[in-house]
Amino acid sequence: MQSLLADHGTRAGISRIVEPAALPLALRQSRSAASVAAAATTTEVRHFDGLGALRLLVALSEGPELRRYVEDELGPLLEHDALVKNPLLPTLRTFLDSGGNKARAAEELFIQRRTLYHRLDRLSEILGLDLTQVSNQQRLQLAVRGHDLLRKPTLRRT
């Protein structure tokens, strides 16, 4: 079912299978998964069980805490990107999605490694963080995913 929906360009969320008495829980689960799917850059169908830490971010996105966290972690970068022609957030996202692997990130961005190194140095300067440290990569990964969730289109409730 999940692949059938995805093949038709649907963004959706799927809950766990539950007994009829637990339908309100299933609805919350499917909405959480749909929120993640809606925030994705590609059309996808997400299953609640596959959300991992994103479950926590979805819950936090319903209040002010996630917005504050994103602002604390990415604020200077978002301000920078709002003023320039070539934003750096896509570079950060690709670097983080590549697990900090610079060669893979450069390849995915279709740029030379030297260009990536320059961008990463600029990102480190703007964010005030050493991007080679795994702990910094983890906190930025959460912030980037949180930013995506906060920017997602509004879900239709049927």
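User: Which residues does L77 touch, not counting residues up to four places away in sequence?

Analyst: This is a predicted model. In it, L77 touches L88, L89, L92, L123, I126 and L127. Touching here means heavy atoms within 4.5 Å.

User: What makes a set of residues a nonpolar core, and which members of the largest one touch the most other members?

Analyst: The members must be buried, of nonpolar type, and joined through side-chain atoms within 4.5 Å. The largest such core has 30 residues. L74, L77, L92, L123, L131 and L140 touch the most other members. The helices α2, α3, α4, α5, α6, α7 and α8 each supply at least two residues. α7 gives the most, with five. In general, nonpolar side chains tend to be buried together in soluble globular proteins.

User: Why is S98 called buried?

Analyst: Its relative accessible area is 1%. The cut-off for buried is under 20%, so S98 qualifies as buried, at 1%. S98 lies in the loop between α5 (89-97) and α6 (102-109). Leaving aside neighbours within four places in sequence, S98 is in contact with R104, A105 and E108.

User: Why is F110 called exposed?

Analyst: F110 has a relative accessible area of 76%. Exposed means over 50%, so F110 is exposed, at 76%. F110 sits in the loop between α6 and α7 (113-127). Phi of F110 is near 60°, a positive value in a residue other than glycine.

User: How do you know that the buried residues of α3 are on the same side?

Analyst: The buried residues of α3 (residues 54-61) are L54, L57, V58 and S61. They cover an arc of only 100° around the axis, which puts them on the same side of α3.

User: What covers the buried residues of α3?

Analyst: The cover includes α2 (23-39), β2 (45-47), α4 (65-83) and α8 (134-151).

User: How many helices and strands are there in the protein chain, and what share of its residues is buried?

Analyst: There are eight helices and two strands. From the N terminus on, the elements run α-β-α-β-α-α-α-α-α-α. Buried residues make up 37% of the 158 residues.

User: What share of the contacts with a separation of 6 or more comes from residues 24 or more positions apart?

Analyst: Those residues account for 58% of such contacts in the protein chain.

Note on methods:
Residues are numbered from 1 along each chain as its sequence is written. This is a predicted model: local features need pLDDT of at least 70, side-chain atom pairs count only at pLDDT 80 or more; totals for chains, interfaces and linings use all residues. Side-chain values use heavy atoms; hydrogens and water are left out. Helices (H or I, at least four residues) and strands (E, at least two) are DSSP runs, numbered from the N terminus. Buried means under 20% relative accessible area, exposed over 50%, partly exposed in between (1.4 Å probe, protein chains only). The arc is that of the directions from the helix axis to the C-beta atoms.
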